[in-house]
Amino acid sequence: MAGLCNADVHRASAESSREIRLRIDGISTFYGEAQALKDVSLRVHPREIVAILGSNGAGKSTLLKTVAGLLSPQKGKIVLDGEPIEGRPAHEVIRKGIACVPEGRELFGSLTVRENLELGTYSLPKSMRKKVQSERLEMIFSLFAVLKRRLKQKAETLSGGEQQMLAMGRALMADPKLLATDEPSLGLAPMLVAEMMSTLRHICDEWGVSLLLVEQNARAALKIADYVYVLERGKVVLEGTREEVIASPTIQAAYMGG
Ligand SMILES: Nc1ncnc2c1ncn2[C@@H]1O[C@H](COP(=O)(O)OP(=O)(O)O)[C@@H](O)[C@H]1O
Ligand SMILES: [Mg+2]
């Protein structure tokens, strides 16, 4: 691995004294015979934004789906707050504290904005849902005011940017410890991309959520990420702090347009 050695050493020594929210150790995920992830390891600390960068087909979505319990790794460990969760089904992973905003957002177009948001709490015990729903809705409106104005509208009538906000809001309704989002900038106008990134930073800093941010848009992700992993053909080929990765010639050439 073309790792950044100083960072690795520094991080390893800091880790023993620092809580780890999500630990992924050597996971390999296959589609039939085809191996899409090869021995991928990473760490996410509380309130940290960890970006997963890489070009199309690198394995970013596969990584996110494996973390979310939508795919099962053939080997390796996924540990959330000390508890192994690899191979658990998605509905259990949500209950453990990982909420996922998948590629394509997967909203229910014919349901209203309110109904889509309320679906985000389905993993909670029934007795808690009503109370949590009203509290969480207010928190989500404080992030995405437009959703409050659109509550009765069908999700399919929203703009692309609004749908992304709704998908994010629905994931946050589950009160996750870790939010995993797949290309939140995709299809958004540049101004909305910047807004989305600063909202994500706010969620981590103010709500205490950790973020696993999968992005092809390296420039946008590097504005807010604390730590970065670069995937190529299913493998981690580079990792480091935001500053280290921005300074890396490989990243400049491959992902930042020179
Ligand atoms: N459902 C699938 N069946 C078979 N191969 C897949 C499937 N989804 C993705 N792949 C393959 O796995 C690799 C990684 O894909 P993906 O994780 O979607 O990459 P990224 O999100 O970085 O663009 C690619 O080679 C892709 O063709
Ligand atoms: Mg993808």
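This is a predicted model: local features need pLDDT of at least 70, side-chain atom pairs count only at pLDDT 80 or more; totals for chains, interfaces and linings use all residues.

Modeller: Residues are numbered from 1 along each chain as its sequence is written, while chains are lettered from A and ligands numbered from 1 in the order in which they are written.

Colleague: How many residues of strand S7 are buried?

Modeller: Strands (E, at least two residues) and helices (H or I, at least four) are DSSP runs, numbered from the N terminus. A residue is buried if 20 or more other C-beta atoms, placed from the backbone, lie within 10 Å of its own, exposed if 12 or fewer, and partly exposed in between. Leu 178, Ala 180 and Asp 182 point one way from S7, Leu 179 and Thr 181 the other way, and all are buried. For S7, residues 178-182, the count is five of five.

Colleague: In what order do the six strands of the open sheet lie?

Modeller: Two strands pair if DSSP finds at least two bridges between them. S7 pairs in the parallel sense with S6 over four bridges and with S8 over five bridges. S3 also pairs with S8 in the parallel sense, over five bridges. The pairing in the sheet is mixed, and the order is S6-S7-S8-S3-S9-S10.

Colleague: Which residue in S8 stands opposite Asp 182?

Modeller: S7 and S8 are parallel partners, with S8 covering residues 210-215. The residue opposite Asp 182 is Val 214.
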